[in-house]
Amino acid sequence: MEPEHRAVLRKFRVHLSDQLLVSDSIVPFLFQEGVLTEAQVEQVEGQLTNRQKNLKLLDILPNRGPRAFGAFLEALQDFSWIRDQLLLELQNTASAGTPGENTPGTGSTGENIPAEHTGTRSPGEN
C-alpha cells in the first residue's frame with residue numbers, strides 16, 4: 001500500500017470505525033479479491049462490536065499489498081460518501097505534494113484513481 005493511502009486510512013481511522021459495517025459486504029469482498037486471508041477474516045469477524053471489527057480491519061489493511069487500498073475503495077460501494085471523502089483527501093494530499101511524487105492519477109471522469117489502478121507501487125511492496 002502506498003504511503004499516502006496509509007496516511008489517509010490513519011487520518012480517517014476514527015471516522016471509518018464509527019461509520020462502516022464491514023461484515024455485510026466489505027470483508028467478504030476483500031476476501032473474494034484475495035486481499036484478506038481466511039484467518040484475517042476470522043480475526044475481523046471475531047471482534048465483539050462493529051467498531052472493533054472496523055478497527056481490526058484497519059489494522060490489517062495497510063500490510064496487505066499494493067491492491068489493498070483500491071480493493072477497499074471498491075468495497076465501499078454501499079458507503080459512497082466515505083469513499084468520496086477518502087478520494088477527496090487523496091486528491092488534496094496529491095495537489096499539496098511536491099512535483100514528481102508518486103501520487104494517484106485522475107481518470108477521464110475526473111475521479112481520482114488510486115495508485116494501485118495506475119500501475120505504480122512503492123519499492124519492496126508485494
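User: Which residue forms a salt bridge with Lys 11?
Analyst: This is a predicted model. A salt bridge needs a side-chain nitrogen of Lys or Arg within 4 Å of a carboxyl oxygen of Asp or Glu. For Lys 11, the closest N and O atoms of the pair are 3.0 Å apart. The partner is Glu 89.

User: How many residues apart in sequence are the parts that Lys 11 and Glu 89 tie together?
Analyst: Lys 11 sits in helix α1, residues 3-11. Glu 89 belongs to helix α7, residues 80-96. The pair therefore ties together parts at a sequence separation of 78 residues.

User: Is Glu 89 buried or exposed?
Analyst: Buried means under 20% relative accessible area. Glu 89 has 16% relative accessibility. Glu 89 counts as buried.

User: Which helix holds Asp 59, the salt-bridge partner of Arg 13?
Analyst: The side chains of Arg 13 and Asp 59 meet at 2.7 Å, N to O. Arg 13 lies in helix α2, residues 13-19. Asp 59 is 46 residues away, in residues 50-60. That is helix α5.

User: What is the N to O distance between Asp 18 and Arg 51?
Analyst: Asp 18 lies in helix α2 and Arg 51 in helix α5, so the pair ties together parts 33 residues apart in sequence. Asp 18 is partly exposed at 48%, and Arg 51 is partly exposed at 38%. Their closest N and O atoms are separated by 2.9 Å.

User: How many salt bridges does the count come to?
Analyst: Among them are Lys 11 with Glu 89 and Arg 13 with Asp 59. Another is Asp 18 with Arg 51. The count comes to five.

How values were computed:
Residues are numbered from 1 along each chain as its sequence is written. This is a predicted model: local features need pLDDT of at least 70, side-chain atom pairs count only at pLDDT 80 or more; totals for chains, interfaces and linings use all residues. Side-chain values use heavy atoms; hydrogens and water are left out. Helices (H or I, at least four residues) and strands (E, at least two) are DSSP runs, numbered from the N terminus. Buried means under 20% relative accessible area, exposed over 50%, partly exposed in between (1.4 Å probe, protein chains only).
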